[in-house]
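Please find below a short note for a colleague who has the coordinates open.

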Amino acid sequence: GQAGVIRGNGVSTLLTFLMSVAATATERTAGPEDYRAALWTLKPGDTLRLQAGVYTEGLSIAYLNGTETAPIVITGPESGDPALFLARPTDNTVSLVNTSYLTIRHLTLEGQGHPVDAVKAEGYSDWVHHVVLEDLIISGHGRDQQTVGISSKCPAWGWVVRRNTIRGGGTGMYFGNSDGTAPFFAGLIEHNLIVDSLGYNLQIKHQNGRLLQEGSTTTIRHNVFSKLHQARPSPNARPNVLVGHWPDEGPGSNDHYEIYGNLFYQNPYEALFQGEGNLALYNNLFVNDHGDAIHIQPHNGIPKTVDIFFNTVLARDKGIVIRTGIGGASYQQTVAGNVVFAAVPLTGGRQLQNTLGRLSDAVALLVQPVGRIDELDLRPRQGRLRGPPPALSRLSRYENWQRDFDGCHRDLTIRGAYGGDTSCPRWRPALEAKP
């Protein structure tokens with residue numbers, strides 16, 4: 001009787017398919033001498049384990065497609081000596097073309113100063129979608145600002161970019177094309193460490209339009225973005241993170257960014273964050289001893305629906321600045337429940353229940369707001385930074401909005417990035433991956 005019900009629901013066909021995939025999926029092991037031949041044998045559900053060693057011929061992946069239920073996995077060793085890929089002068093090290101449902105993890109990519117990217121969805125590709133890039137260590141890709149750690153130059157969606165370390169890149173991550181023709185959407189960028197980039201730690205370009213409706217949210221969470229060292233001055237100065245606008249109409253026009261739980265640290269020449277379009281920026285820490293923290297302003301479009309809430313901001317000059325641009329005044333930009341210490345704490349937007357002051361005021365309200373990064377403790381002092389909770393019902397539309405910077409339960413009467421749960425484990429700001 002149960003079998004009849006399953007068949008009647010059409011589930012048995014799916015179960016048979018999944019079992020057949022599992023039965024035929026294989027795990028292969030390869031090294032520097034034979035890994036390229038092994039790539040061509042991979043099919044949905046397969047895993048290719050790369051041995052420790054030095055790889056000098058890159059990882060060119062074209063027309064390799066897993067499925068949603070049976071992705072293809074390429075992985076290096078999880079511990080011990082790495083699978084080390086050395087860049088070549090003329091080719092991107094990991095090159096992706098018309099590829100989907102693929103996971104690449106546990107590789108070390110050394111650029112050797114060559115003018116190539118570590119990972120790139122190539123501009124001549126039709127698309128690259130549902131790719132997982134995790135636990136990659138990327139260095140030596142800082143020849144100039146056009147050299148990128150992880151990049152997409154074709155339509156790309158459904159990516160997960162997780163727990164990667166990119167040090168000293170020209171640009172850490174760059175998704176999309178400068179002319180708005182290679183949309184990146186429905187992505188998840190989390191728990192990455194991107195430090196000492198010449199230009200952006202992360203940029204997601206604006207989108208002029210796209211054919212696919214899939215999307216709605218791109219999430220950037222629990223990353224560390226720092227430009228403490230090596231940042232370039234004007235005219236090459238760049239924010240740590242810049243996100244561009246979504247399509248003005250049609251598919252994707254209602255998409256938005258959710259950016260939360262990140263540490264934005266130091267930028268000698270630009271603001272830490274710049275954004276436009278639809279976005280929510282919440283539960284983040286911003287520290288810039290050199291200039292500004294947050295700029296919401298026109299870039300290739302205008303700011304639209306913007307919610308900035310429960311952030312802790314310390315900046316020498318300007319804390320939060322909102323400039324609507326032509327046509328932007330018809331959208332609502334709300335700033336609520338933040339703690340901002342700066343020479344000019346807050347300009348623009350609809351302002352609700354924020355705590356504002358100069359940097360000198362932070363000492364009385366935060367545990368340890370000055371010093372090196374390993375000395376900082378930006379939690380509120382006992383009993384401080386309390387007030388009425390923001391009266392905004394739409395904040396509940398955002399993921400984890402009631403969780404604070406560390407993912408702990410939030411007391412809505414406490415302003416800033418920390419929510420007051422003293423029993424919750426805390427991560428002190430550091431230039432290392434946020435757990």
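**Notes on the predicted model**

1. The largest cavity is lined by Asp-377, Arg-379, Asp-406, Tyr-418, Arg-426, Trp-427, Arg-428 and Pro-429. These assignments come from a predicted model, not from an experimental one.

2. By residue class, the lining of the largest cavity comprises five charged and three nonpolar residues, with no polar ones.

3. The volume of the largest cavity is about 40 Å³. How many cavities of 30 Å³ or more does the structure hold? There is one.

4. As for secondary structure, the protein chain contains 40 strands and four helices. Of its contacts with a separation of 6 or more, 70% join residues 24 or more positions apart.

5. On overall dimensions, the protein chain has a radius of gyration of 23 Å; this agrees with a compact globule, because for 435 residues such a globule would have a value near 22 Å. Along the principal axes, the C-alpha atoms occupy a box of roughly 65 × 60 × 45 Å.

6. Regarding burial, 57% of the 435 residues of the protein chain count as buried, the criterion being a relative accessible area under 20%.

Definitions and conventions. Residues numbered from 1 in each chain as written. Predicted model: local features only at pLDDT ≥ 70, side-chain atom pairs only at ≥ 80, totals over all residues. Heavy atoms only, no water. 1 Å grid on protein atoms, 1.4 Å probe; cavity = no way out; pocket = protein on both sides within 12 Å on 5 of 7 lines; lining within 4 Å. Points joined across faces, edges and corners; volume = space filled by probe spheres on them. Nonpolar A, V, L, I, M, F, W, Y, C, P; charged D, E, K, R; others polar. Helix = DSSP H or I, 4+ residues; strand = E, 2+ residues; numbered from the N terminus. Rg over C-alpha atoms; globule rule 2.2 N^0.38 Å. Buried < 20%, exposed > 50% of the residue type's maximum accessible area, 1.4 Å probe, protein only. Contact = heavy atoms within 4.5 Å.
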